[in-house]
Every structure is written in structure tokens, then in C-alpha cells.
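Hi everyone, thanks for making time.

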Amino acid sequence: MTLSKNVEKKIGKKIKRCQQLIEKDSATQFSDEPTECIVICNAGLSTGLQQEALLKEAITHGPVRQVLLPPGKSYCFLQCESKFAAEAVYAALNGICALGQDGAVLLLAFCAELPPHQDDPWDSGLPGGLILEHDFIDAEMEKALLDAVSGARCPDETEADRNATLKHRKVKHFGYEFVYGTNNVDKTKPLDRTIPAVCETMWKRLLALHPRLGWHVPDQLTVNQYEPGQGIPPHVDTHSAFDDPILSLSCGADIVMEFKQPSTGRQHCVDLAARSLLIMSGESRYDWTHGITPRKLDTIRAPNGGLTVRKRQLRVSLTFRKLRQDSRCGCQFPRLCDTAQRSVEKVPALLECHAAQVEAENVHRVYNEIAKHFSDTRHSPWPRVEAFVRSLPPGAVLLDIGCGNGKYLAANECALMFGCDRSDGLLQVCVERGFNVLQCDCLAVPFRDESVDACISIAVIHHLATDRRREQAIAEMLRVLRPGGRALIYVWAKNQEANARKSSYLRQNRHNNKPSSEDASANADSAPVHVERVVATGVTDCTLPVHTNRTQFQHQDLLVPWKLRSSDSAEKATFLRYYHVFEEHELDRLCLVSGQLEVVESYYDQGNWCVVLEKHGK
């Protein structure tokens, strides 16, 4: 199909407008000359474009090495095997292929290279503990299994039971019914329809292949039938319901299953061939979700190393599980663990009852013990905090609530600076440095109403154990501020990798500083982070998780270790400090509760959520 000169001119103008927007958004460098890389300027994930549909159109004109669809964007990228192939794809699709939103034609342009992106989900390395056994059964065994599961019936099974379907597939259960509403089973109601005896030969073969695999003969089987276009949402098999491992046998046809690790954002695609057995154990069982996207085409690796598409066919999966006896999971992966989450859900209520005691023992007492060592490690002011303090005009009064060793009290010689803290040891450091300081609690500051021009509270409020007490601390800052006065608050962020960059806290762990290509394989082979739970000091019914230093946070309310070596001992003493690490926008919401503060600026700075506030004038 050849476009008229008039149509070509109109399309060219539209492409130029799109290029300007994309250049600002992604720093893509467009090229007037043909290259291997093509930008689809007006279609992407946000417009509903599917990778398989795009690839199906493109590969008929030239081999494609890679497709990149940035999340939430209305544009995407193709990398062809050669410049010649890219020219052929460009000529065939630009202004012609109607894969845009509401049937609009695609607008294409060449670019110098693809933008930085996440690891290829085909090359990122298998999740830890994931094993794929190709040709685990032969054609004869496959037929025997399909005959057994399709013909099996319970004595009291009705016609409706035999035709039971879910929204995305037909399903049948053996041993115990899997209840999708709760993602669990009722152990008190075993089915008369047990796992077919023909399956028993597989357990002998599995044991011979993997003798070290923690193994139990399954007592629950779910059979799913997938028509082309059907799938199953990303999920993790309930930790407390089933033991490790989970087995999935593919029959009838091949299909692509996607694995995602929420804690890291890593993704991996696994091509499940017919008659293959997928073994999900350890990390892959507990810390990764798995699912099948509903579609009629799968993107797969081509023999030449590029990408191609494959039509889906009718597939039957047999998922074998072993019920847990104690209904409690003791795994080391709390993010997706229902047992760990139930424990976490109890923490806020317990902290409401014991907040003051937890703070006294796991904040105030600890900082008195570690004051000198803590002060020695806190000598460099954070640039944006220092800039805030220096911005105050001559004669302004600033109060640093939770001043620690006073590192900001010398940042502005033209302002009148005061500091307060609970720690005797840290206040003594301030006195030795000649600062104006006093001892108090941040919940009751001994300053008159509207007596200061500015307040700072740096790494303080996250030591308060309840929302109510955190609100009270902000209310105290509001009370002492004059109308029009400003405050700056910093709290530790739960997400230590915001803006796709590890915080300085994480970078102090040398294992976190490897290039991304090494990082993926290192993560796959590394041991899981063990999350210990201990009783908060002096509060017997309140257990909190102990954080592993220099790693991503798994919980919001937790204890963070501080190791201190005494002068007369080679051993280090460990002190546990209570923290509530903040989700994004959580601090902003707390600051707006009073209705008398305006959030002037909200930002992320080196692993902290930060706000600049201004008190409304009268």
C-alpha cells in the first residue's frame, strides 16, 4: 500500500509532534536516517497495544530482536535484526497498520538506540528454586493422565459440577476442593474423588531426578483447562495452606507463564512445553507470583535468538499440592506470606496499647546507650536540610526538634538557633559544642505558642509508635510556629529504591552495588533474608520483626539493629531501635490533618520522604 503525498505530509507532522513529547519524556534520540531501532510513536501499553499483536505484524516484514513497551506509556520500541529489516518494517507499518487506539494507524520513527530498560524477562535467570523438567512424561502417559482426570467423577457429582467453570477456564479438583474465594481448602471436607492412581509413577520418577528436594506425596490436585485466549491472574499459592514444593504438569500444548517478584520488580518468562513439569520450590514458591496472561498468541524466543509469536492451543494443566498440617507458614519470605501478614496486622493495635513503653525502651534508652557512637557517625549535614536552614533571614528563630548531636545548629550564623532532644548523651555533645539546647519530648515542646519562625524535625517522627502520636508531634510543631512560619520534616521511607536508584543506606551494602546484569543472577542464587521476630523490650505480647540492615524494608513497624563494640570487649552489643517506616504520601496526609498547614513541597531524598510545610496566616 502506497500513501499519497498529502497523507504522507499529514503523518509526518503528527510524528514530529509525537517526537517532541517522547524526547521530553524519555530522552529518546531520534534519527533522520534509518537505524535498527524504531519508535512506535502513538501506541503502547496505555493505549491497549499488545506485544503479540505488534510482533505478529512486524515479523512478516523482517526479523525482530526485541520489543520494549514502557509501563504506562503511549509509545513503544522495536529493535530489528538489521537496518535493512527495520526499513522494511517501517515501510510496511508506518501510517498503514491500524493497531493504534480506536483503530488509528501507527506512526513510526527511527531512533539511535533503545532507552535504558529492565532486564529482558527471557534472559534474567530463573527464580531461585524454580526447576523445569522437559519431557517429564511421554505421549502415552499424557493420554492416560488426561483420560483419568476427564473421566473421574464423585458419586454425588451433579451435571453442574461436571461443567464447572471459572471466568477464565474450566476447573476440576481432586482430594480437596480449592476454594477460590479464600484461596484455601477446607481440610475437614475431603472429596471422594481422589488423585488418580496413574499419577503414582510420576512420584518415583521425580524422587529419582531430585532426591534432595523436600518432598511429600501430593493430596490435592487442581486440573485447569485453558482455551486459547484464557489465562489466570498473577498469584502465589497460599503459604499457610500448602507445603513446599508446588508442581505443575503441562499437557496438550505449550504456553508462556510469567513470574514476578514484587520485592524487586524482577520478571521472568518461562515457556512451558507440553509434557513438561514445573517445580516451584523455595524462593520461587514463596516470593514470586506466577500467572498466565489471557491472549491467543504468545511471544517466544525465535531459533535465531530474536522474538516470534506462537498461536495458543487447548492446554490442560495439573497442579499438585500437599496440604500443610499446622496451617502456619514458617518461610523466610514475609512479603507474600499470609501467616506473616496476619502477624503484622496485629502490630498497630498492640502498639496503641504499648506505644509509650516501646518508645521508652526501644528508642530513648537505646539512644542514651549509643549516643557517642551515634554522634560519631552523624557528622555530615544533609544538603537539602542545610539549605533550608541557611535560607532563613537574619534574626529568624529556628527550633530543631530532635536535634541529636546538633549538626544543623551551626548552619546559619545569622539566625537564633535552638535544639531539643530526649537523649542525655546527645545533648551533652551539643553542650560541649556550645549550642543552645534543652531536654524535652517531641510530644510536649516547652516553647510558647507562635514563638519560632521555623522548625525542623529530621529523622524523629518515625520513632513514634502510632499515628496518633505522630500527629501529635506535628501538632506541636504547628503550635510553636508563627503564622507564615515554615517547617521541614524528614522520615525514613519504606521504599529505599524510589526513582529507580538505590538509597545511600542500601549502597553501603556492597552486594547492592553490582551492575544490574550481575545483580539478577546474584539475587537468584543468594540466600533469603531471614526475618526474625522478637518481643519489644518490656512488652511481652508485642512482637516486632527485626530488620536486616542494608536491605529493603519488608514491614512498616520494625526493630532496626545498632551494633556497638564496647572498649573492653571484642564482641559487639546489639541494640534494637523501633521505627515506623513511611509509605509514599503517608507523611503528607499526616501533615494535613490539622487543616492549618500547607504542603509547600513534598519530595524523596536519599531514602527519606520529606515535606516542607507552611503555617496558614491568621
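Predicted model: local features only at pLDDT ≥ 70, side-chain atom pairs only at ≥ 80, totals over all residues.

Okay, loops. P245 sits in the loop between β12 (232-235) and β13. What kind of peptide bond joins D244 and P245? It's a cis one, with omega at about 10 degrees.

Two other loop residues have a backbone angle I'd like to point out. D135 isn't a glycine, and yet its phi is positive, about 50 degrees. You'll find D135 in the loop between β6 (130-133) and α4. Then there's R275, again not a glycine, with a positive phi of about 75 degrees. R275 belongs to the loop between β15 (266-272) and β16.

So are those two buried or exposed? D135 is exposed, at 56% relative accessible area. R275 is partly exposed, at 29%.

Now let's go to a helix, α6, which covers residues 200-209. Its buried residues are M202, W203 and L206. Looking down the axis of α6, those buried residues fall within an arc of 100 degrees, so they line one face of the helix. As a general point, an α-helix has 3.6 residues a turn, so residues three or four places apart point the same way. On the face of α6 turned away from the buried side, you get the exposed residues E200, K204 and A208.

And what covers the buried residues of α6? The cover includes α4 (139-151), β13 (246-251), β16 (277-280) and β20 (315-321).

Last stop: the second largest pocket. It holds about 1300 Å³ of space, and 50 residues line it. Nearest the centre of that pocket are Y367, F374, R378, R577 and Y579.

Which helix gives the most to the lining? That's α8, with 5 residues. Among the other elements that each supply at least two residues are β21 (397-401), α12 (504-507) and β29 (572-580). If you sort the lining of this pocket by class, you get 21 nonpolar, 18 polar and 11 charged residues.

That's my tour. Happy to go back to any part of it.

How values were computed
Residues numbered from 1 in each chain as written. Heavy atoms only, no water. 1 Å grid on protein atoms, 1.4 Å probe; cavity = no way out; pocket = protein on both sides within 12 Å on 5 of 7 lines; lining within 4 Å. Points joined across faces, edges and corners; volume = space filled by probe spheres on them. Helix = DSSP H or I, 4+ residues; strand = E, 2+ residues; numbered from the N terminus. Nonpolar A, V, L, I, M, F, W, Y, C, P; charged D, E, K, R; others polar. Buried < 20%, exposed > 50% of the residue type's maximum accessible area, 1.4 Å probe, protein only. Arc of directions from axis to C-beta. Contact = heavy atoms within 4.5 Å.
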